[in-house]
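This report covers helix packing, loop residues and chain-level totals. Please keep the structure open while reading.

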Amino acid sequence: MVFNVIVSLLTICIALQAWGQAERTAPVKVCTDDIVRFWDAYDRLSQAPTKEDSIGIFQTYYLDKASEGFKKFIKVRDLTAERYVHVVQVCPEFWESIRTATLEIGEYIPAITAQFDKYKAAFDDFEEPKLCFAIGVLSTGGTVTGNWLLLGTEMMVADSTTRNEMLNPWLRNIMGVEPQVLEFVAHETVHIQQRYGPGMVWAYLNRRLLAMSIIEGAADFVAELVTGSTINKQVHEYGNAHEAELKTDFASVLYSNDIQDWLYNGGKSKTGQADLGYFIGYKICERYYEQSDNKRKALRTIVKTNNYKRLMKRSGYFENHKEYQ
């Protein structure tokens, strides 16, 4: 009897262990159907004699057939059939050069699952997002809404063979010569974990530059720390080479609401390198993490805080600047 009980218990333990392992490695929830629909609409353009016909094709065969996730993407990024017709006509060589890579995006699912496993190990309350890979209008690589991670696949699959000569310098720079699928997923996944409460709203209205730089910098820092991936290699290379002057410049506008010189300023940067607020936010988070005794708690604070001034002050990153007070 005892032997049978022991065998039964061992069997249950082994089954539970196997179930837990299967749960950890289960494929993430990913939708890629919209990519197929995009190319269906794209190929039908040859049958469109006028611009109005082309707009109708994109509306009927792509936007009107949107998946649940893509419907959210359309709303968040104001994607219209007119915008699609414009971008495919401006740089047709680009679109043809990325077609195969976009259709093969599903091959990244095992690696994305592995990334999520790393996040689960780092955060007790990790919220695994749903992913929608769609084709956008060359305006965003990724964004989030609710528990959805919405990804502009055309922005992240470019490599050395991509025909990008018709794109503007900012787009050519951020796309680079290697695909950045895992990098974008890792970064945006951190945004899913961040807390957007009343404190964030207050900070956005009163200290927007500091708040947004830490929000974006935290996504960069945590993604790199946990998964080893970053979407902003060029930003950090430039930032590390010019950190002293960037720190001084940022300190002079530390509590400003004006973000135009530091964030989302592709093609308009005075230094030639856009989005340097990501770098400053990263360095604040890095310093806070390094001086913390409890690293796991520090990591959670970096992701969940809405008190960006307190995080900045406790990091000590600007302690030698008078504006820090």
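In this predicted model, helix 14 and helix 15 pack with their axes 9 Å apart, at an angle of about 155°. Angles over 145 degrees count as roughly antiparallel. Helix 14 and helix 15 are therefore roughly antiparallel to each other. Their crossing is right-handed. From helix 14, the contact takes in Cys285, Tyr288, Tyr289 and Glu290. Helix 15 supplies Lys295, Ala298, Leu299, Thr301 and Ile302. Sorted by class, the contact of helix 14 with helix 15 has six nonpolar residues, one polar residue and two charged residues.

Helix 15 covers residues 295-304. Which of its residues are buried? They are Ala298, Leu299, Ile302, Val303 and Lys304. An α-helix has 3.6 residues a turn, so residues three or four places apart point the same way. The buried residues of helix 15 pack against helix 7 (109-122), helix 9 (181-193) and helix 11 (208-227). They also pack against helix 14 (276-290) and helix 16 (308-315).

Thr305 sits in the loop between helix 15 and helix 16. Is Thr305 buried or exposed? Its relative accessibility is 11%, and buried means under 20%. Thr305 therefore counts as buried. The side chain of Thr305 reaches the backbone nitrogen of Asn307 at 2.9 Å. Leaving aside residues up to four places away in sequence, Thr305 touches Arg195 and Leu311.

**Two further helix pairs**

Two packed helices are described by the angle between their axes and the distance between the axes. The table lists these values for each pair.

| Helix pair | Angle | Axis distance |
|---|---|---|
| Helix 14 and helix 15 | about 155° | 9 Å |
| Helix 3 and helix 5 | about 115° | 8 Å |
| Helix 11 and helix 16 | roughly 70° | within 9 Å |

The axes of helix 11 and helix 16 cross at roughly 70°. That makes helix 11 roughly perpendicular to helix 16. On the helix 11 side, the contact residues are Leu210, Ala211, Ile214 and Ile215. They meet Tyr308, Lys309, Leu311 and Met312 in helix 16. This contact divides into seven nonpolar residues, no polar residues and one charged residue.

Helix 3 spans residues 51-63, and helix 5 spans residues 81-90. Their packing angle is about 115°. Angles from 65 to 115 degrees count as roughly perpendicular. Helix 3 and helix 5 are therefore roughly perpendicular to each other. The crossing of helix 3 and helix 5 is right-handed. Lys51, Ser54, Ile55, Phe58, Gln59, Tyr62 and Leu63 form the helix 3 side of the contact. Helix 5 answers with Ala81, Glu82, Tyr84, Val85, Val88 and Gln89. By class, the contact of helix 3 with helix 5 has eight nonpolar, three polar and two charged residues.

**Positive phi in loops**

Leu138 is not a glycine, yet it has a positive phi of about 60°. Leu138 lies in the loop between strand 2 (130-134) and strand 3 (142-145). Its relative accessible area is 10%, so Leu138 is buried.

Asp275 also has a positive phi of about 60° without being a glycine. Where is Asp275 found? It is in the loop between helix 13 (243-251) and helix 14. Asp275 is buried, with a relative accessible area of 10%.

Glu68 belongs to helix 4, which runs over residues 68-77. At 49% relative accessibility, Glu68 counts as partly exposed. Glu68 and Trp148 are 80 residues apart along the chain, and their C-alpha atoms are separated by 9.8 Å.

**Whole-chain totals**

The protein chain has 16 helices and four strands. Its C-alpha trace spans about 75 × 70 × 35 Å along the principal axes. Of the 325 residues in the protein chain, 48% are buried. How many of the contacts between residues at least 6 apart in sequence join residues at least 24 apart? The share is 71%.

How values were computed:
Residues numbered from 1 in each chain as written. Heavy atoms only, no water. Axes fitted to C-alpha atoms, helices over the stretch in contact; angles between N-to-C directions. Helix = DSSP H or I, 4+ residues; strand = E, 2+ residues; numbered from the N terminus. Parallel < 35°, antiparallel > 145°, perpendicular 65-115°, else oblique. Left-handed = near helix turned anticlockwise from the far one by under 90°. Contact = heavy atoms within 4.5 Å. Nonpolar A, V, L, I, M, F, W, Y, C, P; charged D, E, K, R; others polar. Buried < 20%, exposed > 50% of the residue type's maximum accessible area, 1.4 Å probe, protein only. Polar contact = N/O pair within 3.5 Å; in protein donor to acceptor, adjacent residues only side chain to side chain.
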